[in-house]
Each structure stands twice: as structure tokens, then as C-alpha cells.
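Here are my notes on the model, as requested. Please read them with the structure open.

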Amino acid sequence: MQLEGIEGRVAFVTGGARGIGRCIAETLAALGARVASGDLVRPEVAGVLGVELDVTAEQSVDRAFAEVERELGVVELLVLNAGVLIAEPFDALTPENWHRQLAVNLTGAFLCARRVLPGMRRAGAGCVVAVGSSAGKTGGGTAAAAYSASKAGLMTLAKSIAKEYASAGIRSNAVAPALIDTDMIKGIGDFRDRIPLGRYGTPQEVADVVAFLCSNHASFITGEVVDVNGGFVID
Ligand SMILES: NC(=O)c1ccc[n+]([C@@H]2O[C@H](COP(=O)([O-])OP(=O)(O)OC[C@H]3O[C@@H](n4cnc5c(N)ncnc54)[C@H](O)[C@@H]3O)[C@@H](O)[C@H]2O)c1
């Protein structure tokens, strides 16, 4: 894939040790970005700076971004990808699991964006992409209330940032994937027959859209949520 506007830029991907985040980090690196990837355990990805990061802890966020700034420079592309799904029906949803999913999926994104946006504003440029979910539009299946609420919040956060920072030259968008073949969806059942394209998506199919949104080819796109779901949700 050839995309203009990514080569040489500093990118940070949260939750980049595995799955979709790992693929996004590899894809941006292959396009010539200088990429850092943060996760609970320091990611080991060839050609990518791995840093330890717990997005729910402000000090950890500060430490991780300071390390990236020291090693690579000011972050210009931020991918808010870290996420957890605890699939359980509302009856069984404990306050602890509610808070956990909101803390990682939504508050974690807020803490990372808050750390990065002042530098982007000073630079007069930047790009944020949040990895939301179709569940944030639909409410999910029958066992994902907290996850769905957190993703709805995250996609709205991406829109709010788009509005507040457009005049500073910063774009902010989200992707809304569904049923991408990663560890996250193992054990939630088989939904292939409910996907019009007849299969699960791949992390690469999400990473390609994230890379496009980070690139100059998306220079007039901000505040958008792009579905990547094989037709699972058509709205
Ligand atoms: N797989 C899907 O079908 C699907 C669908 C829609 C949205 N998503 C979203 O895509 C993103 C990536 O999911 P995935 O499928 O690759 O799942 P995954 O579980 O393979 O990866 C999630 C990553 O986030 C990391 N993470 C969790 N808590 C963290 C924290 N506190 N700080 C830093 N990192 C943390 C995990 O360690 C893991 O590496 C998530 O936000 C998920 O909600 C996935």
C-alpha cells in the first residue's frame, strides 16, 4: 500500500502488543512512520519502539509518552486502540467490570489524548484515530452493555476532539470494527453467518483504514466514524 503523509511521522499506538493494535503499529512502520507501541507488557514488534503503558493510570501514561518523546520526538499520529471486552449479561455485570471497561476503553483514551494534544496544538498538526466498535452504535449483542457504552463514549470523544481541535490543524476520527479475528472475540460464539460478507475481518483490514485516516489522503475527513464490519451493521 502506498499512502502519502505518514513517512517520517511519529506515531503512537496504544494496546499494541497483539491483535489489531500490533497490526496497526506494523502497518504504520511499513509505511515509514517512526512508531511506538504501548501495552501492559512492553510490546516486542520489529521496527517499533515498545513501551510499558497502562492507559488507566495517569503516571504510566505520562512516563510512556515521555519515553516516546525522548526517543522519537513529539507524537503526531495517535491511535487509541487499547481495549478490553468482558462479555457478560447485564444481570451479571458487576460494578468492578463496568468500571474496568470504562477505565480502559474510554478514560484511558481520554488520558492519552490529553497527554498528546497540547504537543499537536503547538506543532499545528496531528491526527487522532480511535478504535471504537459497532457495539458502540448498536449496544452490542446481549452481553456487552459496559463495553458498548464505553465504545459509544470513545467514538463521541473522537468527534468532540475533531470539533475542538480542527482550527489547530488536528483531525480526529474513529473506526468502528466488528468481528475481527483476534483473541478478543475467541469464546464469544460464532457469528460468521450474521456477516453479509460471510467471514470474520482481519486485523490488517482495520489497520489499512486507520493508516488511510492518518494519511494525507484523508486530509478533509474529521469527526467521522468508519465502519469496518463486512456489513454486520449497515446504517
Ligand atoms: N476484535 C474485534 O472483533 C473488535 C471489534 C471491535 C472493536 N475492537 C477493538 O479493537 C481494539 C483492539 O482489540 P483486539 O481485537 O486486537 O483485542 P486484543 O485483546 O487482542 O488486544 C487488546 C490490547 O489492548 C491491551 N490493553 C488492555 N488493557 C490495557 C491497558 N490498561 N493499557 C494498555 N493496553 C491495554 C491488551 O493488553 C491487548 O494487547 C480494542 O479497542 C477492541 O475493543 C475489536
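Predicted model: local features only at pLDDT ≥ 70, side-chain atom pairs only at ≥ 80, totals over all residues.

1. Main core. The largest nonpolar core holds 35 residues. Phe12, Phe65, Val68, Val75, Leu78 and Leu117 have the most contacts inside it. At least two core residues come from each of these elements: strands S1 (10-14), S4 (77-80), S5 (126-131) and S6 (170-177), and helices H2 (58-71), H3 (95-123) and H5 (145-165). H3 gives the largest share, eight residues. In soluble globular proteins, nonpolar side chains tend to be buried together.

2. Val75 within that core. Which residues does Val75 contact, leaving aside its neighbours within four places in sequence? They are Val10, Phe12, Phe65, Val68, Val116 and Met120. Two of these partners, Phe12 and Phe65, are also listed among the residues with the most contacts inside the core.

3. Another core, of 30 residues, lies apart from the largest one. Its members include Cys127, Val175, Val209 and Val228.

4. Ligand surroundings. The ligand is surrounded by 28 residues. Arg18, Asp39, Asn81, Tyr147 and Thr182 are the closest.

5. Polar distances at the ligand. An N or O atom in the Arg18 side chain is 2.7 Å from a ligand oxygen atom. A polar backbone atom of Asn81 is 2.7 Å from an oxygen atom of the ligand. Asp54 places a polar side-chain atom 2.9 Å from a ligand nitrogen atom. On its own, the ligand has 830 Å² of accessible area, and the protein covers 95% of it.

6. Helix H6. This helix has 12 residues, 203-214. At 1.5 Å a residue, H6 should span 16 Å, and its end C-alpha atoms are 16 Å apart, so the two values agree. Its buried residues are Pro203, Val206, Ala207, Val209, Val210, Ala211, Leu213 and Cys214. They pack against helix H1 (19-30), strands S4, S5 and S6, and strand S7 (225-228).

7. Leu179. This residue sits in the loop between S6 and H6. Leu179 is not a glycine, yet its phi is positive, at about 50°. Is Leu179 buried or exposed? Its relative accessible area is 11%. The cut-off for buried is under 20%, so Leu179 counts as buried.

Definitions and conventions. Residues numbered from 1 in each chain as written. Heavy atoms only, no water. Core = buried A, V, L, I, M, F, W, Y, C linked by side-chain atoms within 4.5 Å. Buried < 20%, exposed > 50% of the residue type's maximum accessible area, 1.4 Å probe, protein only. Helix = DSSP H or I, 4+ residues; strand = E, 2+ residues; numbered from the N terminus. Contact = heavy atoms within 4.5 Å. Near = heavy atom within 4 Å. Polar contact = N/O pair within 3.5 Å; in protein donor to acceptor, adjacent residues only side chain to side chain. Areas by Shrake-Rupley, 256 points an atom, 1.4 Å probe, with all protein chains shown as cover. Expected span 1.5 Å × (residues − 1).
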